[in-house]
Amino acid sequence: MTSQTTVDTTGPADKAPPGASGPIPGKGLRGHPWYTLFTVAVGVMMVALDGTIVAIANPAIQKDLNASFADVQWITNGYFLALAVALITAGKLGDRFGHRQTFLVGVVGFAAASGAIGLSDSIAFVVVFRVLQGLFGALLMPAALGLLRATFPAEKLNMAIGIWGMVIGVSTAGGPILGGVLVEHVNWQSVFFINVPVGIIAVVLGVLILNDHRAEKAPRSFDLPGIALLSGAMFCLVWAVIKAPEWGWGAAMTWTFLAVSVLGFGVFAYWENRVSEPLIPLGLFRSAALSAGVVLMVLMAIAFMGGLFFVTFYLQNVHGMSPIDAGLHLLPLTGMLIVGSPLSGALITKTGPRIPLAGGMALTAIAMFGVSTLETDTSSGTMSIWFALLGLGLAPVIVGATEVIVGNAPMELSGVAGGLQQAAMQIGGSLGTAVLGAVMASKVDGDLAGNWADAGLPKLTPAQLDQAAEAVQVGAAPVAPGTPPEIAEKIMGVAHDTFISGMSLASLVAAGVAVVAIFVAFFTKRGENAEAGAGVGHI
């Protein structure tokens, strides 16, 4: 493929000689591919970390701010909602104005919003600033991929994406560990304050190292109606998914938002086919591989993020672990992501993505089936086996699906492709939390009254039963102060058994989603445009 020209507006100019196989690093630090990877990894780490670090802090936040279960869900869902709605538009901003600028703005805003959360004294402020975190995170995530795509030669890109995916995977899985240390030894606010110094480091590195790569065919205008239509459609979709557990999946409000979302996507597609510079050229989706990569990312996130949401409550509220112990029990998951991601990048470079992706989702399905077998007395060794298998399965999927999406998009749309990749992950995360949450709630509602009566406990009023079910959904025992020890023990047994039954069913659903993803993986193939960045020079 003919190499494309990239304009560097930040440093001394060099030119790539004809036929160059890779970008020429700028003098010193600026523009060096591996230093660029390190810099964007620092920024991306914050966003990925905050997707799960809050999960381990949720019980402390819930207690300290007197929040309901729905409030706790909003701490997570508000973040995912903002990310999902804004990612593609943010990717377009990077393609238009340069990925360096959007990355730096995203880092500064994300760190500032994190500090504001730590200073908040009400659940409402926490949720608002979590939304702002998501919006600024949306700026830096696609920009990071765009910078990697433009900086690395084709033969090194998979390895770079492998390390990038490792950072995301390790940050996502390591969030509970770091969160456990901070919550147990400092406070829940420190979970957010830690982003401030990390953000400062990322900004300093970005100013010193990053080059501003812009493809020759970069967009020159904005599709404002397209942005409004896509954002509205995405919002209605994710909002319906988030609110469905509260409204009911068959409720008129749920279906109204879903219908408006479908209509919005339809009008968006109609508009995109008629505008000169569309937000997303729909021709991208003529690539079956790219489309399969997007679907695969959604399915992976449903299984992973939805399952992880309940695992943290299982470890803390059922097994009675401290936050740090709960985080350490997820270390096998983190360790396998660390080992598996760069190895997956090398394997995908040699064999192509299909077999590693299908194999990864098969391992994920087996791992989620294993999670469905966990009991109140399951040993740490048994848990570690399933968590390690999950990490080993996720590694090739995070790396391979990213390469499939970004590598099958033209260079000038690398930001949009990065936005698609991240939007798919965030939508999947929201779907996983909401859908598996609905499965959990339905199972708890269906089983709790019978389990309560079978244990010989005093009958509850409908209001008391609803209140007890809300506690059981997070593995907590609804024991009132002053309850006799023998009664409290029975209540705890009923609560934990009912929670386990709900988590088991939710994990089986997640395993089923992973099985579907195995078949989707066979529609993927190596990125047709991956070599577009190989001849990029700095002029």
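Okay, so Lys443: with 28% relative accessibility, this lysine counts as partly exposed. By that I mean relative accessible area between two limits, since under 20% is buried and over 50% is exposed, using a 1.4 Å probe and protein chains only. This is a predicted model, where local features need pLDDT of at least 70 and side-chain atom pairs count only at pLDDT 80 or more, though totals for chains, interfaces and linings use all residues. Residues are numbered from 1 along each chain as its sequence is written, and side-chain values use heavy atoms, with hydrogens and water left out.

Back to the lysine. Lys443 makes a salt bridge with Asp447, and their closest N and O atoms are 3.3 Å apart. The rule here is a side-chain nitrogen of Lys or Arg within 4 Å of a carboxyl oxygen of Asp or Glu. Asp447 is partly exposed too, at 22% relative accessibility. In general, side chains of opposite charge can pair when their charged atoms come close. How many salt bridges does a search of the whole structure find? One.

Now let's zoom out. The chain has 17 helices and zero strands. Those are DSSP runs numbered from the N terminus: H or I for helices, at least four residues, and E for strands, at least two. Of the 539 residues in the chain, 59% are buried. Take the contacts, meaning heavy atoms within 4.5 Å: among those with a separation of 6 or more, 86% are between residues 24 or more positions apart.

On to the inside. The largest nonpolar core has 154 residues, and the members touching the most others are Ile61, Phe103, Trp188, Leu296, Met300, Tyr314 and Phe499. Helix 10, residues 288-318, gives the most to this core, with 22 residues. A nonpolar core here is a set of buried Ala, Val, Leu, Ile, Met, Phe, Trp, Tyr and Cys residues joined through side-chain atoms within 4.5 Å.

Let's pick Trp188 from that list. Which residues does Trp188 touch, not counting residues up to four places away in sequence? Ala57, Ala60, Ile61, Asp64, Leu65, Ile117, Ser120, Val126 and Val183.

Rings of Phe, Tyr and Trp (its six-membered ring) pair if their centres lie within 6.5 Å, with planes under 30 degrees apart called stacked, over 60 edge-to-face and the rest tilted. By this rule there are four aromatic pairs. Trp188 and Phe192 have ring centres 6.2 Å apart and planes at 85°, so they are edge-to-face. Both of these residues are buried. Phe235 and Trp239, on the other hand, are stacked, because their planes are at 20°, with centres 5.5 Å apart. They are four residues apart in helix 8, residues 224-247, so about one helical turn separates them. Phe235 is partly exposed, at 33% relative accessibility.

Rings with a charge next. The charged end of Arg130 sits over the ring of Tyr79, 4.1 Å from its centre, and Arg274 lies over the face of Tyr270, 3.9 Å from the ring centre. To count, NZ of Lys or CZ of Arg has to be within 6 Å of the ring centre and within 35 degrees of the ring normal.

Thr364 lies in helix 13, and its relative accessibility of 0% makes it buried. Its side chain has a polar atom 2.9 Å from the backbone oxygen of Gly360. For a polar contact we want a pair of N or O atoms within 3.5 Å; within protein, one must be able to donate a hydrogen and the other to accept it, and residues adjacent in sequence count only if both atoms are side-chain atoms. Beyond its neighbours within four places in sequence, Thr364 is in contact with Ala303, Leu390, Gly393, Leu394 and Ala514.

And Ser372? This serine is in the loop between helix 13 (354-371) and helix 14 (380-407). Is Ser372 buried or exposed? Buried, at 8% relative accessibility. Its side chain reaches the backbone oxygen of Phe369 at 2.4 Å. Neighbours within four places aside, Ser372 is in contact with Ser504, Ser507 and Leu508.
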